[in-house]
Amino acid sequence: MRQHDAPTARASDRRPSTPPWWADAVIYEVYIRSFADSDGDGTGDLQGIIDRLDHIQGLGVDAVWITPFFPSPGHDHGYDVSDFRGIDPAFGDTGTFQRLVDELHQRGIRLLVDVVPNHTSHEHPWFQAALAEGREGSHYRDYYLWADPADDGGPPNNWVANFGGSAWEWEPHSQQYYHHSYLPEQPDLNWRNPHVLDEWVDILSHWLDLGADGFRIDVAHNLLKHPDLPDNPVLEAAARQDVPAGRVRSARGLARIYDMDQDDVVDLYAHLRARLPRTRSGEEPFLLGETVLDNPDRVERYIQTGRLDAAMWFGTDRVPFDAAEVARVLRTPSSGTSGRFGWFLSNHDRARPASRLGSADRALAIAAAVLAMPGPYLLYQGEELGMIDLEIDPDTARDPIARRAGELDVSRDRARSPIPWTDQPDRGWPSTEPWLAHGPLPEHGSATTQHHDPESQLNRWRALLNTWAGLRDALPPSCAVVSEGNLLILRRGDLTVQTNAGPGPLPLHLPEGTEILWRSRPHGSPQTLRAEETIWSRPPAPAR
Ligand code: GLC
């Protein structure tokens with residue numbers, strides 16, 4: 001095995017202008033409240049991230065995406081923002097943010113801020129002003145979506161919120177409903193109002209000015225709704241059994257054709273991009289959209305020239321450990337699309353891959369295939385440790401999906417337990433009572449234990465990303481993926497990735513002189529691809 005021999009390179013010193021830095025970047029998602037707590041209040045914070053930068057840098061990632069740290073009443077753990085330019089004191093202040101930016105940049109790592117343009121908190125001054133203006137109001141009132149009751153006095157249409165219940169909340173003072181795709185405490189903004197775009201150009205410019213290199217755009221597919229507010233068609237009851245993509249069951253009972261992913265939503269990103277300043281280092285800001293859509297063809301629209309750079313394709317977060325199924329979701333956008341899909345196995349809204357797929361070995365085997373796809377890979381904190389799902393206790397559940405919609409089985413708390421820095425019961429957190437319970441230790445132990453174990457999940461990830469950094473710039477933007485029985489094969493330029501998703505070993509037929517670059521399980525022979533193993537190889541030098 002040659003996994004430690006791959007050349008090392010950092011994003012900042014490797015890449016001139018093409019391909020852009022993000023094309024095959026590894027972006028580490030920090031779910032701030034569960035990452036690292038510097039002050040013992042039980043909640044992770046910006047200083048905690050600074051304190052753990054060696055862990056992040058040691059992985060070899062190119063950028064960090066930090067989940068929202070803005071002032072928020074916390075009904076959706078920070079995704080209900082009451083001041084888009086501020087920093088919640090629980091997480092730090094502008095000085096801490098500045099230090100984080102500087103420390104990251106010194107280490108050659110970029111920073112993405114997670115922005116939430118679809119909705120505000122109900123406590124946001126815009127919404128408070130909209131309430132004060134009343135139904136005749138014309139300025140802040142029009143920042144939101146208001147509608148009169150239907151003839152029967154009920155909500156204006158049948159739209160359902162992603163966290164359950166009607167998507168319309170009655171506002172008694174003005175005798176109108178307002179729209180919310182998520183909680184009633186998260187009123188949706190009216191992006192058909194050009195003032196809303198002006199506000200957001202200003203907000204993003206603020207963070208670019210403070211040193212951000214780009215943005216992860218929360219629910220980017222959701223910003224526009226059909227102006228006539230038609231009912232969504234009702235789906236067959238059978239379809240409701242499937243609960244993909246982080247929506248509670250009730251929201252899956254409707255075909256979501258009028259309240260999200262409208263044809264013209266992609267134009268907003270062209271308008272936004274055209275008006276954004278460059279980053280401090282003179283780059284175009286990187287725009288990554290969270291596009292929670294079942295159809296990759298629809299996702300492609302978001303990454304056409306001048307729109308977003310990358311859009312998350314929600315195919316791999318649900319895929320089973322099955323070669324044919326994985327091959328089916330590993331798609332590349334049609335030619336002519338300048339942006340790329342954003343790839344991931346998990347995030348703060350999804351089950352942990354080691355739990356969902358059955359083991360840390362399986363999770364790494366699939367991740368190593370997905371990573372090789374053209375497009376950035378979004379590595380969620382803890383995935384590098386093989387963290388497993390937290391068992392949800394109905395009494396201590398924190399996620400509104402569990403608490404309000406009562407759907408414990410899709411509660412996002414499972415993926416949000418604090419990072420185990422040590423094997424001790426407090427997991428190295430200065431507080432014995434973190435905001436959410438500690439989960440079980442991963443198979444290979446805590447981050448500290450894994451750091452010292454050359455065969456740990458963490459060190460296998462490090463070797464993988466080190467190998468990736470030395471290869472990716474020479475790879476074409478296209479690739480071919482096939483499955484043959486339990487074998488998944490991905491070919492991208494010189495790189496061949498083979499994954500055995502079956503229960504037994506398979507013979508490996510590598511041409512004489514083939515270089516094995518990395519394998520997901522330690523040891524092993526060049527003649528065998530073991531069960532639940534992925535191997536990266538490239539042909540002998542003369543063939544290259
Ligand atoms: C996104 C976030 C999720 C949040 C929702 C509403 O899907 O990832 O955590 O609850 O948007 O903002």
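**Notebook: loop residues, sheet and ligand site**

I looked up leucine 229 and found this residue in the loop between β7 (214-217) and α7 (265-275). For the element names I used DSSP runs, numbered from the N terminus: helices are H or I runs of at least four residues, strands are E runs of at least two. The model is predicted, so I noted that local features need pLDDT of at least 70 and side-chain atom pairs count only at pLDDT 80 or more, while totals for chains, interfaces and linings use all residues. Residues are numbered from 1 along each chain as its sequence is written, and side-chain values use heavy atoms, with hydrogens and water left out.

**Backbone entries**

I read a positive phi of about 50 degrees for leucine 229, although this residue is not a glycine. Leucine 229 counts as partly exposed because its relative accessibility is 22%; buried means under 20% relative accessible area, exposed over 50%, and partly exposed in between (1.4 Å probe, protein chains only).

Glutamate 532 is not a glycine either, and its phi is positive at about 60 degrees. I placed glutamate 532 in the loop between β17 (528-529) and β18 (533-538).

**Sheet entry**

I followed an open sheet of 8 strands in the order β10-β9-β8-β7-β3-β2-β1-β11, with parallel pairing. Two strands pair if DSSP finds at least two bridges between them. At the edges I found β10 (340-342) and β11 (377-380), each pairing on one side only. Neighbouring strands of this sheet are turned by 25 degrees against each other on average, direction ignored; the axes are lines fitted to C-alpha atoms, and angles run from 0 to 180 degrees between N-to-C directions.

Glutamate 29 stands opposite tryptophan 65 in β2.

**Ligand entry**

Which residues come nearest to the ligand? Of the 13 residues around the ligand, I listed Asp76, Asp218, His348, Asp349 and Arg412 as nearest; near means that a heavy atom of the residue lies within 4 Å. The shell divides into 4 nonpolar, 2 polar and 7 charged residues, with Asp, Glu, Lys and Arg counted as charged.

I looked up polar contacts, which are pairs of N or O atoms within 3.5 Å. For arginine 216, a side-chain N or O atom is 3.1 Å from a ligand oxygen. Taken alone the ligand exposes 300 Å², and the protein buries 96% of that (Shrake-Rupley method, 1.4 Å probe).

Conventions:
Polar contact = N/O pair within 3.5 Å; in protein donor to acceptor, adjacent residues only side chain to side chain.
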